Amino acid sequence: MKDPELEILINDLENKSPLSLAEYDGIAHALSYLLPKAVSDEAIAPLHISTTDGAMHIADVAYPNWSVHIHGRANDKDGHWRCTLRESDVRDSDQVIGAGRSPVLSQAILAAVLRLAMTKT
């Protein structure tokens, strides 16, 4: 599924730092649209998904038992974070992979989740 509004949200996640609460509200709506059965309203609360723990919780409930790879470099101003979600750690033949990058770790995770959800929908 390609949706220009979702592409804009992912672009904001990857390029803006920090995001406003209103922007996280838009991301919460996108998550509930793409993953209606996987995520609860409490899990996608804007304040919750703005944290790394909250973003990891979304990845966990949306894609249980998938591998999460996080790579980055912490920096005083911004980090340089990459996140990939893969169905398997062992093989390189995954049909779909979610990937995200951002100066903020939680935003990289959310970008990867959104990309993966768009691909699987």
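User: What makes helix 1 and helix 5 roughly antiparallel to each other?

Analyst: In this predicted model, helix 1 and helix 5 pack at an angle of about 155°, with axes 8 Å apart. Angles over 145 degrees count as roughly antiparallel, and the pair is therefore described in that way.

User: Which residues make that contact, and what is the hand of the crossing?

Analyst: Helix 1 contributes Leu-6, Glu-7, Ile-10, Asp-12, Leu-13 and Glu-14, while helix 5 contributes Gln-107, Leu-110, Ala-111, Leu-114, Arg-115 and Met-118. The crossing of the two helices, helix 1 and helix 5, is left-handed.

User: Why is helix 4 called roughly parallel to helix 5?

Analyst: The axes of helix 4 and helix 5 cross at roughly 15° and come within 8 Å. Angles under 35 degrees count as roughly parallel, so helix 4 is placed in that class relative to helix 5. Helix 4 also passes helix 5 in a left-handed crossing. On the helix 4 side the contact is made by Thr-52, Ala-55, Met-56, Ile-58 and Ala-59; on the helix 5 side, by Leu-105, Ser-106, Ile-109, Leu-110 and Val-113.

User: How many residues has the largest nonpolar core, and which of them have the most contacts inside it?

Analyst: The largest nonpolar core has 36 residues, and Ile-27, Leu-31, Leu-35 and Ile-49 have the most contacts inside it. At least two residues each come from helix 1 (4-15), helix 2 (21-34), helix 4 (52-62), strand 2 (80-86) and helix 5 (105-120). Helix 5 gives the most to this core, namely eleven residues. In soluble globular proteins, nonpolar side chains tend to be buried together.

User: What does Leu-31 touch, leaving out residues up to four places away in sequence?

Analyst: With those neighbours left out, Leu-31 touches Pro-36, Val-39, Ile-44, Ile-49, Ile-58, Leu-110, Val-113 and Leu-114.

User: Which strands are called edge strands, and why?

Analyst: The sheet is open and has three strands in the order 1-2-3, with antiparallel pairing. Strand 1 (67-73) and strand 3 (98-102) each pair on one side only, and they are the edge strands. The twist from one strand to the next averages 10°.

User: Where does helix 5 lie relative to the strands?

Analyst: Helix 5 lies across strand 1, strand 2 and strand 3, and runs at about 150° to strand 3.

User: Why is Ser-67 called buried?

Analyst: Ser-67 has a relative accessible area of 13%. Buried means under 20%, so Ser-67 is classed as buried. Ser-67 lies in strand 1 and stands opposite Arg-86 in strand 2. Not counting residues up to four places away in sequence, Ser-67 touches Thr-84, Leu-85, Arg-86, Ser-88 and Asp-89.

Technical notes:
Residues numbered from 1 in each chain as written. Predicted model: local features only at pLDDT ≥ 70, side-chain atom pairs only at ≥ 80, totals over all residues. Heavy atoms only, no water. Core = buried A, V, L, I, M, F, W, Y, C linked by side-chain atoms within 4.5 Å. Buried < 20%, exposed > 50% of the residue type's maximum accessible area, 1.4 Å probe, protein only. Helix = DSSP H or I, 4+ residues; strand = E, 2+ residues; numbered from the N terminus. Contact = heavy atoms within 4.5 Å. Pairing = 2+ DSSP bridges. Axes fitted to C-alpha atoms, helices over the stretch in contact; angles between N-to-C directions. Parallel < 35°, antiparallel > 145°, perpendicular 65-115°, else oblique. Left-handed = near helix turned anticlockwise from the far one by under 90°.
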